[in-house]
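Subject: Structure handover

Hello,

Here is the structure I promised to pass on. Please open it next to this email and follow along.

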Amino acid sequence: MIQATEKIWHNGRMIPWDEARVHVLTHALHYGTSVFEGIRCYSTPEGPAIFRAKEHVRRLFDSCKVYRMDDFAFTQEELVAALRELVNTNGLDSCYLRPIAFRGYGEVGVLSLKNPIEIYIACWEWGKYLGPEALEKGVDVCVSSWTRLAPNTLPAIAKVAANYMNSQLIKMEAVLNGYSEGIALDASGYVSEGSGENIFVVRDGKVYTPPLGNSVLPGVTRDTVMQLGCGIGLEFVEQMIPREMLYIADEVFFTGTAAEITPIRSVDKIPIGSGMRGPVTERLQREFELLLALQSPDHHGWLTFVHAPKAVPA
């Protein structure tokens with residue numbers, strides 16, 4: 001259950017948690033017209049730091065543009081500032097942030113262009129998405145019977161609430177059958193992603209991941225892993241991945257803001273590699289941890305400190 005914090009940001013002002021309410025006829029409740037982000041704020045030696053705030057906010061704006069919801073009065077810079085302000089106001093050292101923009105109360109019908117756009121940002125303390133042991137021991141997953149969104153139906157590159165009805169079917173099926181997560185194939189039968197994670201496959205030293213054309217969300221952590229990996233000499237290949245490649249992989253792992261970098265130890269009850277976290281996955285986790293501990297330089301400017309840092313390694 002979510003642990004309530006004191007304040008939520010709404011259209012430029014802080015309001016009490018319990019006052020963040022919408023009308024039952026809000027358009028987003030009936031037609032899924034909301035876009036959102038999931039962002040982590042980490043505890044660092046220099047205080048709380050929001051990870052890749054700018055990139056998450058840009059993706060929020062991109063999603064809004066796809067759905068013609070970008071006619072609101074805030075800039076990307078203002079929303080990044082709002083993220084910082086909210087964490088500071090709630091006095092949190094680490095947390096999960098949820099910005100959401102949606103079509104609000106007005107007309108009830110498929111066409112929503114006249115409905116106002118509401119923007120909220122909430123934050124709360126949150127642990128490991130797939131369990132506290134998942135990052136070390138890995139998770140057991142299955143290939144879902146539910147297919148990911150087909151091209152020219154719903155845009156997969158937009159992080160819109162409607163897409164997550166598909167994700168819920170994938171997740172529920174997996175969990176009810178005894179797995180931690182499901183892997184969805186795309187409309188052509190190639191590997192797409194998990195219900196809320198991107199996926200990587202390691203084989204003979206190369207790291208493969210499906211391209212965006214395989215109904216893949218352009219994950220911020222996906223991009224993080226590829227940039228960190230290239231920095232330590234790993235070779236990444238974006239290509240279509242057939243289902244059977246999962247079974248014969250040396251390693252498979254998920255990435256996502258919630259999942260971070262989570263090894264997969266089995267797919268459809270077939271052990272992956274040694275059935276344990278592999279060396280490539282562990283190395284990438286380590287590089288990520290060093291960055292958050294400020295023990296490696298933040299060359300890309302990925303950390304947005306809630307308070308001005310005293311010193312950041314050069």
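Start with Thr257. Leaving out residues up to four places away in sequence, Thr257 touches Gly38, Ile39, Arg40, His56, Tyr96 and Thr221. Find Thr257 in the loop between β14 (251-256) and β15 (260-267). Keep in mind that this is a predicted model. Is Thr257 buried or exposed? Its relative accessibility is 17% and buried means under 20%, so Thr257 counts as buried. Its side chain also reaches the backbone oxygen of Gly38, at 3.3 Å.

Cavities

Thr257 turns up again here. A search of the whole structure finds two cavities of 30 Å³ or more. The largest cavity has a volume of about 60 Å³. Which residues line the largest cavity? They are Arg40, Tyr42, Phe51, His56, Thr221, Gly256, Thr257, Glu260 and Phe288. By class, this lining holds three nonpolar, four polar and two charged residues. Arg40, His56 and Thr221 are in that lining, and Thr257 touches each of them.

The second largest pocket

Now look at a pocket. The second largest pocket holds about 370 Å³ of space. It is lined by 15 residues, and those closest to its centre are Ala20, Val22, Ile100, Phe102 and Tyr120. Which elements supply at least two lining residues each? They are α1 (27-31), β6 (95-103) and β7 (117-124). The largest share comes from β7, with three residues. By class, the lining has twelve nonpolar, two polar and one charged residues.

Nonpolar cores

One general point first. In soluble globular proteins, nonpolar side chains tend to be buried together.

In this model, the largest nonpolar core has 28 residues. Which of its members touch the most other members? Ile50, Leu83, Val87 and Leu97 do. At least two residues of this core come from each of β4 (39-44), α2 (53-66), α3 (76-90), β6 and β7. The biggest contribution is from α3, which gives six residues.

Take Leu97 as an example. Leave aside its neighbours within four places in sequence. Leu97 is then in contact with Glu37, Gly38, Ile39, Cys41, Ile50, Leu83, Leu86, Val87, Ile121, Ala122 and Cys123. Three names on that list, Ile50, Leu83 and Val87, are also among the core members that touch the most others.

Apart from this core lies another, of 22 residues, including Met226, Leu228, Phe288 and Leu291.

Two side chains to inspect

Thr5 lies in the segment before β1 (7-10). Thr5 is buried, with a relative accessible area of 13%. What does its side chain reach? A polar atom of the Thr5 side chain lies 2.9 Å from the backbone oxygen of Cys123.

Arg243 lies in helix α7 (residues 243-247). Arg243 has 33% relative accessibility, so it counts as partly exposed. Its side chain makes a polar contact with the side chain of Asp268, at 3.1 Å. With neighbours within four places in sequence left out, Arg243 is in contact with Val143, Leu185, Val191 and Asp268. Arg243 and Pro218 are 25 residues apart in sequence, and their C-alpha atoms are 20 Å apart in space.

Two backbone angles

Another general point. Most residues other than glycine have a negative phi.

Asn152 is not a glycine, yet it has a positive phi of about 65°. Look for Asn152 in the loop between β8 (139-143) and α5 (163-176). Asn152 is exposed, with a relative accessible area of 85%.

Leu294 is not a glycine either, and its phi is positive too, at about 60°. Leu294 sits in the loop between α8 (279-292) and β17 (303-305). Is Leu294 buried or exposed? Leu294 is buried, with a relative accessible area of 11%. So both residues have a positive phi, but Asn152 is exposed and Leu294 is buried.

Best wishes

How values were computed. Residues are numbered from 1 along each chain as its sequence is written. This is a predicted model: local features need pLDDT of at least 70, side-chain atom pairs count only at pLDDT 80 or more; totals for chains, interfaces and linings use all residues. Side-chain values use heavy atoms; hydrogens and water are left out. On a 1 Å grid over the protein atoms alone, a cavity is a set of points where a 1.4 Å probe fits but cannot get out, and a pocket is an open set with protein on both sides within 12 Å along at least five of seven lines; lining residues have an atom within 4 Å of a point. Grid points are joined across faces, edges and corners, and a volume is the space filled by probe spheres set on the points. Helices (H or I, at least four residues) and strands (E, at least two) are DSSP runs, numbered from the N terminus. Ala, Val, Leu, Ile, Met, Phe, Trp, Tyr, Cys and Pro count as nonpolar, Asp, Glu, Lys and Arg as charged, and the others, Gly among them, as polar. A nonpolar core is a set of buried Ala, Val, Leu, Ile, Met, Phe, Trp, Tyr and Cys residues joined through side-chain atoms within 4.5 Å. Buried means under 20% relative accessible area, exposed over 50%, partly exposed in between (1.4 Å probe, protein chains only). Contact means heavy atoms within 4.5 Å. A polar contact is a pair of N or O atoms within 3.5 Å; within protein, one must be able to donate a hydrogen and the other to accept it, and residues adjacent in sequence count only if both atoms are side-chain atoms.
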